[in-house]
Amino acid sequence: MPYVDFQQLQDHIPYREFYEQYFQSLRPNPSGWAQTFCCFHPDNERSSAGHAPKKSAAINLNSGWFQCYSPVCGFSGGIIAFYQKKEGKAGLKDAALELAQRYAPTLIKASDKIDEEKKEPLPSAEIIEKSREALKRSEPILTWFRNQRNLELPILEKFNIGIVEDRIWIPIYDSNNQLVNVRKYHPMPSNPSFKIINFRGHGTARLYPLSVFAKELDTIIVCEGEWDAILCHQMGFNAVTGTSGAGTWRDHWNRYFKDLKVIIAYDNDKEGIHGGKQRAATLLPYAKEVSIALPPRLPYLFKKKHERITKDLSDLAIHLKWDKKKFEEFFAAAKPYHVSESVKTLHAMQESDDEDKPMDVSFPGARESKNYAKPIRFAATVEGKKYVPYVVPQQVVASCEKTKEGGQRNKTCGGCPLIEKTKTLTFDHRSQEILSLIDVSEMMQKRAIASQIGFPDRCVKIVNLTLKMQNVEEITLTDTIEWKADITYELIHQTAYSLVKGIEANRPYRFFAVMYPHPLSQEVTFIIYKAEPAEQSIDKFKMTPEMKQDLTVFQADGLKGLEKKLDDIYDEYEKYWKRYELRDYFFALDLFFHSVISFHLRGEMVKKGWMDALVIGDTRTAKSTTAEFMIQHYRAGEIISAEGATFAGLVGGTQQVGGKNWSVTWGALVRNDRRAVILDEISGMKDRKITIGQLSGVRSSGVADITKIQGGRALARTRLLMLSNPVSSDNNPQTKWLSEYSQPVRSIPELIGENADIARLDFALGVRKNKDVQEKIYEMRQAQLPRKFTADRCHKLVTWAWSRKPHQVQFEDMAVTRIVECVKVHVKKYWSGIPLVLEAEHHKILAKTAVACAARFFSCDETGEQIVVKPEHVELVAKKLDAFYSSTSLAYDSFSELERKLAQLGDIENVDVIKNAISKDHIRDQLMRNPSFQKSDIYDIFRVTAPADKQHLMNKLINLNAFKRAGSYLRPTESFLDHLRNYNHDGKKDTEEKVETDVEEMKPSWFEGDA
């Protein structure tokens, strides 16, 4: 029977797109929860006051979880469970298969049976018993259990814990008491990733110990890890854990907890806290009640004083010597869990109605003085945030013993507002005074409160202040832009203070705020009291029949049809942009702009589908202005001057504000996640090669990591095009002309540096000065001819490409075949010494450029949702890349031919002294065994003694490319080593003729050169 992996399938379903089939106007809060009416029961209950019915359900658009809070229904579950219930499917498997057919057909497998040959046989009962006996005899391991886990031998025997070699065995049994896995634990592994391993093929996540549910249960503890669960059983508590950590939970486990009191006791660390809340929300609809018991933070005894770390249940027993009574008190004090805080926040955001409706303004306009103290609403992006929030008063109740009746008053009490009464102050977004409570000492806060209430400053220590506190986050805002062609435009960077929890960095929002001057500097700042996540054009894009019909203007069939369509498009570009002889550059820009984020290629997930390219060319060839025109025309992307650009400016960095807390601010590549950045004139970049090297990880993974004092992680799946002139050297960075190089492709290593950084490029293009074409200045006027490929159409086409999901890219079978054929030709023709063409990666480059080409020509299915990659798209990009590399602007082909000749081994068989030596097996072994030789070693190996013979031998070995000099040593070349490995007495390789024949057979139709 066909089946699909549930977890993999959920990763391929676009949650928001899926749920919007059933619900309208889903507006998620910063935590991803969107409130809605439940579709499984009528939401028609009105309040006693007659208000409209409240929405009883919430959907987390980050995880796909659906939750109904109505006692009438109470349904909760993941996206597959929702689909099963909503569409009335017989089971989860049927629902998953239907969803996979729609969203990820490549995940469907023929059988749900695991290949038995790949399974590791489980140990027999006799082997388990031997492991138990070995544990009894191992005093060091028993000591470790007592000292590190507070576990004694009887409880270990009860759970069949054993030891084999250097690993502790934890047998896992199913509900029928049949062995289904053995978890093999190492207390001190050399690699933390292998701390615990499973028997191969049996590592499915399970509840442990499942036997606990055979008892009459009222209360059960869900903890994190097998040792904590066993410790609980040793103390007399019923406990269970999942065998795959705090982040893994299977839906079918929920039924075991029906009508039980559940106490979640996960570890007190980031994963445990988050996982505990998730688990509580999962089990709440099934259990009688759910509580969370979080282990307290303990002093860390082995580091600096006052330093603290988080601990688990075992540590409480070991370090604090807790006994059963202490654990009973701990579990009894667990806090009941009700509705998740994120959903509460959602309710509060949607139900609260401000007294004054905010006025919509632009982000720059929000800072104008006319908006002082008025509620306003504007769109902006969170550029960075301080990760340690402030704690300030939200409500203050002030009273004084002296002013009460009978109190000992003095002459200053006469006009005090606290005479015989209390005074209450509330600090919210309507109170400008809240700014005076932020980033100040406790005494300064009290004095500010005294000033607001009106009692004397000297009475601060006498007056009783009862405080209700709130968190305030300091964030940095910047413009929300979809595209920016003006290289001189400077973004706004604005500090604001948010009363809203869960604001995320590098995300656009619609902010509800009040503008005030800061009391310390009088600079403009904002108090934000509400925030709504804002959608970008990529997320809002919807294909319509009218749009599909409109975009057919870009379509063409066959290789010649595609080339004719390009001529039509670029004829129009030339007429309107006044840029000539740049058609290869136009096409390079089109590949860059129309690339997708990711796609599947014959079952393989190509995670990096976005383009990373280099255009290197002579000065005054209109590289920058053409890129600006393309951004303006497509209304997509951002162009940035690289002169003076740093890694922090491009990716992100940390900064210390006021000598106190650190904050992370993200750069241009992160800000443009899923969009495009053109980096102009990278030759002027400070510490160019170092900075490009630092960008390597971001370019390859699409993830930006800040691992300094204050860490952070953000997505940066950004199309990156680097523009530059050639440079002489780092020490003399003067501009060169491509014509100064015999093979201009050599300018790329001079500019980029390391081969690893060059290999990140999907392609490179050279733009050479054409003396026969006079550069024409662009005139800001419309041509009189009607335009066919308008800016509006081009913008829609680019947005369509950018919004495609992996399952919305399809390759025809023949297209994949052509990729394989063209890869062979390119790899044969171009040398990887400058790694623009690498045998192991070139199929991905041709695939992603072919996808971009298909998107450029709006090659789609009948619905207009799928990009369809055809053989002609592969043919066109392969032909164009060959043209890029074979042109005089790069001359990558002649460079490759020359380097191969230089690397080719000469006719050493005609040199008797070499031929005779390498015919002996022990000499060949000696030459292949050592990486380098001194001259005296060479003379001994080849048995030459006369000075003239020595010099003659050395000249021959160097000139025939058998050896190359490496300082004072000589090293055998790769060609010579290959010859030695494949040596026969004719000095030829048997496979050479066959390889040439194969290459001839698979030349694509466009290929005219000599492979």
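Is Arg981 buried or exposed? Arg981 is exposed, with a relative accessible area of 53%. Its side chain meets that of Asp978 in a salt bridge, with an N to O distance of 2.7 Å. Asp978, for its part, counts as partly exposed at 29% relative accessibility. Both residues belong to helix α34, where they are three residues apart and hence separated by about one helical turn.

The model is a predicted one. The protein has 1011 residues, of which 49% are buried. Its secondary structure comprises 35 helices and 40 strands. Of the contacts between residues at least 6 apart in sequence, 70% join residues at least 24 apart. The accessible surface comes to about 49700 Å², and carbon and sulfur atoms account for 48% of that area.

Helix α31 (residues 921–929) shows how burial can be arranged along a helix. Ile923, Arg924 and Leu927 are buried in this helix. Viewed down the axis of α31, the buried residues fall within an arc of 100 degrees, so they line one face of the helix. What do they pack against? The partners of the buried residues of α31 are the helices α30 (912–918), α32 (935–942) and α34 (974–981), together with the strands β39 (963–966) and β40 (969–972). Helix α34, which holds the Asp978 and Arg981 pair, is thus one of the elements packed against α31.

Arg924 has a relative accessible area of 13% and is buried. The side chain of Arg924 meets that of Asp921 in a salt bridge of 2.4 Å, N to O. Asp921 and Arg924 both lie in α31, three residues apart, which is about one turn of the helix.

Salt bridges may be considered next for the protein as a whole. Side chains of opposite charge can pair when their charged atoms come close. The structure holds 40 salt bridges. One of them joins the side chains of Lys880 and Asp584, with 3.9 Å from N to O. Lys880 lies in helix α28 (residues 871–886) and Asp584 in helix α17 (residues 583–593), so the pair ties together parts that are 296 residues apart in sequence. Asp584 is partly exposed, at 29% relative accessibility. Elsewhere, Asp567, Asp571, Glu574 and Arg583 are linked in a network of salt bridges.

Arg149 presents a contrasting case. This residue lies in helix α6 (residues 139–149). Arg149 is buried yet has no salt bridge; the nearest side chain of opposite charge is that of Asp312, 4.1 Å away. Leaving aside neighbours within four places in sequence, Arg149 is in contact with Trp144, Tyr185, Trp227, Leu231, Asp312, Ser314 and Ile318.

Val391 is found in strand β19 (residues 390–399).

Tyr208 and Pro209 are joined by a cis peptide bond, with omega at about -10 degrees. Pro209 is placed in the loop between β9 (207–208) and β10 (219–223). Ala622 has a positive phi of about 65 degrees, although it is not a glycine. This alanine lies in the loop between β28 (612–617) and α18 (623–634), and Ala622 is buried with a relative accessible area of 11%. Ala891 likewise has a positive phi without being a glycine, of about 55 degrees. Ala891 is located in the loop between α28 and α29 and counts as buried at 10% relative accessibility.

Glu909 lies in the loop between α29 (892–903) and α30, and counts as buried at 13% relative accessibility. Glu909 and Ser919 are ten residues apart in sequence, and their C-alpha atoms are 10.0 Å apart in space. Helix α30 itself is among the elements against which the buried residues of α31 pack.

Technical notes
Residues are numbered from 1 along each chain as its sequence is written. This is a predicted model: local features need pLDDT of at least 70, side-chain atom pairs count only at pLDDT 80 or more; totals for chains, interfaces and linings use all residues. Side-chain values use heavy atoms; hydrogens and water are left out. Helices (H or I, at least four residues) and strands (E, at least two) are DSSP runs, numbered from the N terminus. Buried means under 20% relative accessible area, exposed over 50%, partly exposed in between (1.4 Å probe, protein chains only). Contact means heavy atoms within 4.5 Å. Accessible areas come from the Shrake-Rupley method with a 1.4 Å probe; for residues, only the protein chains shown count as cover. Lys and Arg count as positive and Asp and Glu as negative; His and the chain ends are not counted. A salt bridge is a side-chain nitrogen of Lys or Arg within 4 Å of a carboxyl oxygen of Asp or Glu. The arc is that of the directions from the helix axis to the C-beta atoms.
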